[in-house]
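Hi everyone, thanks for coming along.

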Amino acid sequence: MIADNPWVDALLRLAVIAVLLPLTPIVLNYLERKIFGRIQMRLGPMRVGPHGTLQTIADTIKLLTKEDLRPSSADRWTFELAPYVVVVPVFLAFVTLPFTADLFVRNLSMGLFFIVAVSSMSIVGFVMAGWGSDNKYALLGGVRAAAQLISYEIPLILAVVAVAMIAHTGDGRGSLNLAEIVDGQGRVPYLVWQPLAFFLFAVAGLAEVYRQPFDIPVAESEVVGGPFVEYSGIRWSMFQLAEYGTTFLLSVLGALIFLGGWNWPLGNEAGAALQVVLIVLKTSAFLLFFIWMRAAMPRLRIDQMMSFCWQVLLPFAFLQIILNGLVLVYDWPDWTLGVLSGSATLLAAYLTYRGARQAAEPYSPRFTTVTYERVS
Amino acid sequence: MTYEEGIFYVVAGMTVIGALGVVVARNVVHSALFLILALVAVAGLFLLLSAEFLAIVQVLIYGGAVTILILFAMMLTRVRDVPQALDGPQRPFAAMAAAAFLSVTILAVVGTDWEALGATEKINVIPIEALGDVLFRNWAVPFELASLVLIVALIGAIVLARGEEGE
């Protein structure tokens, strides 16, 4: 409790999130453009401020002062409320996210489940934006977003459930409390015991923030920006806020449940300052992964995207759940889980590689050998 | 008025507004959006009763997934061209069915002796572990039957869709 009055307490806690979250896209956008620049052998933003550090702040001011347009044929309330429906779940999810052992807004006993459930609400916003804009491309993008987010949510949830199943707690196993899950990892992060769940989480996470290779809902060259075509100014920047907010959310979540959060292999009792450093490093690793994938991967077709989810990710997610169930029931030691899950990861990687090879195979017209005869 | 009561009236008001909107809205997509509001507000009611798990499941399943599927189906079938599709000659029957269901619900609530069933002024929170034990041990068969119903529906949908394709 920060304050005695529950209303004041709740307001103060919400204020912390409301102030901190809008800062994440400013920082993340700058980092993304810088890393992008490096990968593409250029410098990225350099002009505004030293090394372009003020570039995204300038961009934010530009976006906030831009005119907020609404197409005359758009469905008024659906169009105007859609950005809020996308953004509010991200804020809600941050309510229960612990950054270090003492740095969190509220520790819910079902925090993991809460985050997953609340962030699923933002799909509604995409569909509202797509339909409310009264624009064919926006509608297509909205429908694509709904199909993709709903499909990839399932492996994401199952991967998270797999971790929650075997989380060590004081009295046995299984917990949905994020702080308990982190404490249960101790020296060895769950990445070591369940690489398969980690793989599923990372890939489905990429799809949840519609980044390459899963960016067909917002692909410029196909649906000219998807559900956001008709948005400008502050409403458009709210969608950006939601995207970077979700990226940050998934990165912190991944760092907590797979990389050991504020623990490190050298011992459990890290001090408060060291905990901050550890969580920042682990989150940055995830963020770098998300940004790097965007720079490195080509875009999947919609049928490839769907079949990858339902034919590769989903069966392997069930496999991980079954493995964890066996470990729980028969009390197998953790290393068996690591070995089994690791070999399943290799199998999944091979299947993905094979599928990618097949998809990338160039069309080869079959030439028939034509023989000519000399005309006498 | 305690702050719980204040929250209750806000959330209950949202539920009623959402439910009314589903019926009154002229546009089917608006009805679906109001349905989401009503369902999420019901999750708020569950939270006030300390049924955290139920509230989160309500948001996840009804707020996130089911209504999206409804919206999805409507957007693919171009409902915008037929705004009057919600109304029809069956109006009196619908009103009668709704009134009958409402009266049965009210009768059940008023007629039940809650105290005999063990209801107290204080809410006793059921931990999620106990819920899981009851659901998967004592009531495992009904639970599995529910999923069986879903599979039957799924197979039925596939059969219907395939039949239309003429395969």
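Let's begin with a loop in chain A: A:Asp331 sits between helix H14 (302–330) and helix H15 (334–360). Before I go on, please keep in mind that this is a predicted model. The phi of A:Asp331 is near 55°, which is a positive value in a residue other than glycine. As background, most residues other than glycine have a negative phi. Is A:Asp331 buried or exposed? It has 8 C-beta neighbours inside 10 Å, so A:Asp331 counts as exposed.

You'll find A:Asp134 in the loop between helix H6 (122–132) and H7 of chain A. Around A:Asp134 there are 17 other C-beta atoms within 10 Å, so this residue is partly exposed.

Back to H14 for a moment, because A:Val327 is found in that helix of chain A, and with 21 C-beta neighbours inside 10 Å it counts as buried. Which residues does A:Val327 touch, not counting those up to four places away in sequence? They are A:Ile166, A:Trp332, A:Thr336 and A:Leu337. As for A:Ser343, it lies 16 residues from A:Val327 in sequence, and the two C-alpha atoms are 16 Å apart in space.

Now for the core. The largest nonpolar core has 123 residues, and the members that touch the most others are A:Ala159 and A:Leu200. Helix H7 of chain A, residues 136–166, gives this core its largest share, with 16 residues. If we look at A:Ala159 and leave aside neighbours within four places in sequence, its contacts are A:Ala197, A:Leu200, A:Phe201, A:Ala204, A:Ala317 and A:Gln320.

How do H7(A) and H10(A) pack? H10 of chain A covers residues 195–208, and its axis is 8 Å from that of H7(A), at an angle of about 150°. An angle over 145 degrees counts as roughly antiparallel, and therefore H7(A) and H10(A) are roughly antiparallel to each other. Their crossing is left-handed. On the H7(A) side, the contact includes A:Tyr152, A:Leu156, A:Ala159 and A:Val163; on the H10(A) side, A:Ala197, A:Leu200, A:Phe201 and A:Ala204 are among the residues involved. Sorted by class, this contact of H7(A) with H10(A) has 13 nonpolar, 2 polar and 2 charged residues.

Let's move over to the other chain. Taking the contacts in chain B with a separation of 6 or more, 54% are between residues 24 or more positions apart.

Finally, where do the chains meet? The contact takes 19 residues from chain A and 18 residues from chain B. On the side of chain B that touches chain A, the elements giving two or more residues are helix H2 (28–48) and helix H3 (52–76) of chain B. H3(B) gives the most, with 13 residues. By class, that side of chain B has 15 nonpolar, 2 polar and 1 charged residues.

That's my tour, and I'm happy to take questions.

How values were computed
Residues numbered from 1 in each chain as written. Chains lettered and ligands numbered in written order. Predicted model: local features only at pLDDT ≥ 70, side-chain atom pairs only at ≥ 80, totals over all residues. Core = buried A, V, L, I, M, F, W, Y, C linked by C-beta atoms within 7 Å. Buried ≥ 20, exposed ≤ 12 C-beta atoms within 10 Å, placed from the backbone. Helix = DSSP H or I, 4+ residues; strand = E, 2+ residues; numbered from the N terminus. Contact = placed C-beta atoms within 7 Å. Nonpolar A, V, L, I, M, F, W, Y, C, P; charged D, E, K, R; others polar. Axes fitted to C-alpha atoms, helices over the stretch in contact; angles between N-to-C directions. Parallel < 35°, antiparallel > 145°, perpendicular 65-115°, else oblique. Left-handed = near helix turned anticlockwise from the far one by under 90°.
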